[in-house]
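My entries follow the display.

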Amino acid sequence: MAASRGIGQFYPVASPLHALDPRAKILATAILVVGVFLIDSMAGFLVISGAIAALVVVGHIPTRTFLRLLRPVLFIVALTVFFQVLFSREGATLFEWGFVEVHSGGLRLGFLLALRILLLVSAAGLLTATTAPVALADGIEDLLSPLKKARFPAHEVAMMMTIALRFIPTLGEEAEKIQKAQAARGANFSEGGLVHRVRALVPVLVPLTIGAFRRADELAEAMESRGYRGGEGRTRYRELRFRYRDALALIVTVMILAAGVLA
Amino acid sequence: MRLELRDVHHVYSPGTPFEVVALRGVTLSVEPGEVLSIVGGTGSGKSTLVQHMNLLLVPASGQVLVDGEDARTLKKSELRRRVGLVFQFPEAALFAPTVQEDVAFAPHRIGLGDEEVRTRVRQSLAAVGAGHLAERSPFALSGGEKRRVAIAGVLAMGPEVLVLDEPTAGLDPATRQDLLGLVRGLREAGISVVFVTHDLDEVAEVADRVCLMEGGVARAVGTPAEVFYANLENAPATVQIVAGLKAAYPGVGEPVRFEETTAALRELLEG
């Protein structure tokens, strides 16, 4: 029941986007990501931003929740823009103070870069918000399965991802519990300088790590006792089915991308 | 000290699809020096309730009062020292290389001197019957030993109210009996104990009062006899046996403790 919801958080509601095949959504996201790097005009960015905004609505995700997904990257965006603006020497000089120079080209590049990062994160956030972690891992396994011919352990990779994703909230809960237990013993995580705060985390991290190893052991034993022996010949409980609407979603994505590049 | 909860409500993850209403207006007091048991099914709000007692969780509405004063006006560290809270499976939070260092964590944090800390560590380990484990690594202990040590870690703060959330879950009978002995000892020393448990037989033996939680509200609060005889589906074996005899033998009374019940039944048989 951790209160913190951030990037990568699944938002469990029923929507046309949630209903799509995870493979279609992963491919569409990949197409959008590539597109965001191809686009170089303001009009193109407007097209993509508009499309993502529309998808947020179609996905029944409240705008505020979605914007909250972006909050953790704002710092990185600000930092990138800052350096881009300071160190670019393109175009007319707008501002000069000692060795600090701001050029119009730098401003433009910085702005586009910020948009690019935000759109990348939005696209990825949209994928994880509308796709359950397990479905996501299933989709990735399926998309990677051609590589099995080249002895790439697609199933094992997907299983590791599933387990990792599955245990993020569990570890989060565990961390919260331990933090509370230590707070009840007088620990304070929100006061003092950086060194003090890092040291205050030791009583949380030690038991958390020990607990994680114990859990991993238990999980391995539970899986073995239920007959798990790797991906060879393993069938699926949830069969993925690629329908017309999934193909349609991909076509629409390509069209949006084309519109963005040509705009 | 007297701890009082007034119309406490709590909601987890409000405003999200994960929203859960855990408490729907609980009013309850912990009187000085009493043992108050909180019982109820899983998900009835017991654990959420006790976390309000030292404000690890803040009520969505309602108040927590310490000797009549709003607990929010007290310093957090002070409140947490006076109301010691032992979580479910507290051994999951052991972290130091040796038992005595782990138990010393809390008294150090509240700013006691080294000498005083050593005394507290010794006393609280002795109180839980773990004095001989002081030099050991907490990770090499048995489940029951870990539990004792973890409880000592909270006891070392010298709380005026000790809240134990399912302290006997998953323990062997001998360790359970020892912990019940600890609860009785604390009560004799004037410390209030809040005892959350699923084991109604334990409640029957140590509780002065019982609070039965259901669906986020306190359905019944009173002496064990009052609460158990009015809620037989949540009563220990002693009460259920006597209740089954009561219609035919009204003279049996309302015994709760094992000894009282044996005496009442003996009287009935010999009478």
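**Entry 1: the patch in chain A**

I noted first that the model is predicted. I then looked for nonpolar side chains on the surface. Phe75(A), Ile76(A), Leu79(A), Phe82(A), Phe83(A) and Phe87(A) form such a patch. Together they have about 660 Å² of accessible area. I picked out Phe82(A), which lies in helix α5, residues 74–87 of chain A. Its relative accessibility is 47%, so Phe82(A) counts as partly exposed. The cut-off for exposed is over 50%.

**Entry 2: the hairpin in chain B**

I turned to strands β9 (residues 209–214) and β10 (residues 217–222) of chain B. They run antiparallel, and 5 bridges join them. I looked up Cys211(B) and found Val221(B) as its bridge partner in β10(B). β9(B) and β10(B) form a hairpin, with 2 residues between them. In the turn, Gly215(B) has a positive phi of about 55 degrees.

**Entry 3: positive phi without glycine**

Which residue of strand β1 in chain B did I check? I checked Asp7(B); β1 spans residues 3–12. Asp7(B) is not a glycine, yet its phi is positive, about 50 degrees. I kept in mind that most residues other than glycine have a negative phi. Asp7(B) counts as partly exposed because its relative accessibility is 42%.

I also logged Phe89(B), with a positive phi of about 45 degrees although it is not a glycine. Phe89(B) sits in the loop between β6 (83–86) and α3 (99–109) of chain B. Is Phe89(B) buried or partly exposed? Phe89(B) is partly exposed, at a relative accessible area of 45%.

Conventions: Residues are numbered from 1 along each chain as its sequence is written. Chains are lettered from A and ligands numbered from 1 in the order in which they are written. This is a predicted model: local features need pLDDT of at least 70, side-chain atom pairs count only at pLDDT 80 or more; totals for chains, interfaces and linings use all residues. Side-chain values use heavy atoms; hydrogens and water are left out. Patches are made of residues with over 30% relative accessible area and no salt bridge: like charges are joined within 9 Å, nonpolar side chains (Val, Leu, Ile, Met, Phe, Trp, Tyr) within 5 Å. Accessible areas come from the Shrake-Rupley method with a 1.4 Å probe; for residues, only the protein chains shown count as cover. A salt bridge is a side-chain nitrogen of Lys or Arg within 4 Å of a carboxyl oxygen of Asp or Glu. Helices (H or I, at least four residues) and strands (E, at least two) are DSSP runs, numbered from the N terminus. Buried means under 20% relative accessible area, exposed over 50%, partly exposed in between (1.4 Å probe, protein chains only). Two strands pair if DSSP finds at least two bridges between them.
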